[in-house]
Every structure is written in structure tokens, then in C-alpha cells.
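Subject: Structure handover

Hello,

Here is the structure, with the sequence alongside. My notes on it follow below.

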Amino acid sequence: MTNPTTDYSRSRLSWWQAFIAVADVDACAAHVSELGGAIIESPHYVPGVGRVCMIADPTGAVIQLITPAS
């Protein structure tokens, strides 16, 4: 469980968010717009958790990408 960290997540009612583990969040995020999606929250490091970003697919469905901390 985490506190909302963006205007997007603070503006919503309670909700669950899925994470997909990837080898390199930055590399994956670089392809999002090429594939028609949008970056909602740019890649950033969460201490003790790893590097994460929030993206949306072309239909607006939202998911988080994470490269877990070692």
C-alpha cells in the first residue's frame, strides 16, 4: 500500500493498481508513446522499492511498470 503520489492518483477514489516487473523501466517507458500510450508518471526511484513509472495504453487503461530494487 502506498499513498497517492501524483495529481492523477490523488484525484481518484480508492483503487487498486497492478505492477508489471520489467528489466529496465526507462527503456520500456521510452517505447510507450511510440506504441500509442502515454506516460502518466515518469520513471523515478522509490527508496527500498525500485524504479517505477505509471503508464496508460491507447484506451486509457493504467498500469505501473517496476524494476525492483536488488
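Which side chain does the side chain of E41 join in a polar contact? The side chain of H44 does, at 3.0 Å. A polar contact here is a pair of N or O atoms within 3.5 Å; within protein, one must be able to donate a hydrogen and the other to accept it, and residues adjacent in sequence count only if both atoms are side-chain atoms.

Before the rest, some ground rules. This is a predicted model, in which local features need pLDDT of at least 70 and side-chain atom pairs count only at pLDDT 80 or more, while totals for chains, interfaces and linings use all residues. Residues are numbered from 1 along each chain as its sequence is written, and side-chain values use heavy atoms, with hydrogens and water left out.

The sheet

The model has an open sheet of 4 strands in the order β1-β4-β3-β2, with mixed pairing. Its edge strands are β1 (19-21) and β2, each of which pairs on one side only. From one strand to the next, the twist averages 20°. Strands β1 and β4 pair in the parallel sense over 3 bridges, and F19 has Q64 in β4 as its bridge partner. Helix α2 (residues 25-32) packs on the sheet and touches β2, β3 and β4; its direction makes about 15° with that of β3.

On the terms: helices (H or I, at least four residues) and strands (E, at least two) are DSSP runs, numbered from the N terminus. Two strands pair if DSSP finds at least two bridges between them. Axes are lines fitted to C-alpha atoms, for helices over the stretch in contact, and angles run from 0 to 180 degrees between N-to-C directions. Contact means heavy atoms within 4.5 Å.

E41 lies in strand β2 (residues 38-46). Its relative accessible area is 9%, so E41 is buried; buried means under 20%, exposed over 50%, and partly exposed in between (1.4 Å probe, protein chains only).

R51 is in strand β3 (residues 50-56) and, at 29% relative accessibility, counts as partly exposed. Not counting residues up to four places away in sequence, R51 touches V25, D26, P43, H44, Y45, L65, I66 and T67. With D26, the side chain of R51 makes a polar contact of 2.6 Å.

D57 is in the loop between β3 and β4 (62-68). D57 is partly exposed, at 35%, and its side chain makes a polar contact of 2.7 Å with that of T59.

Regards
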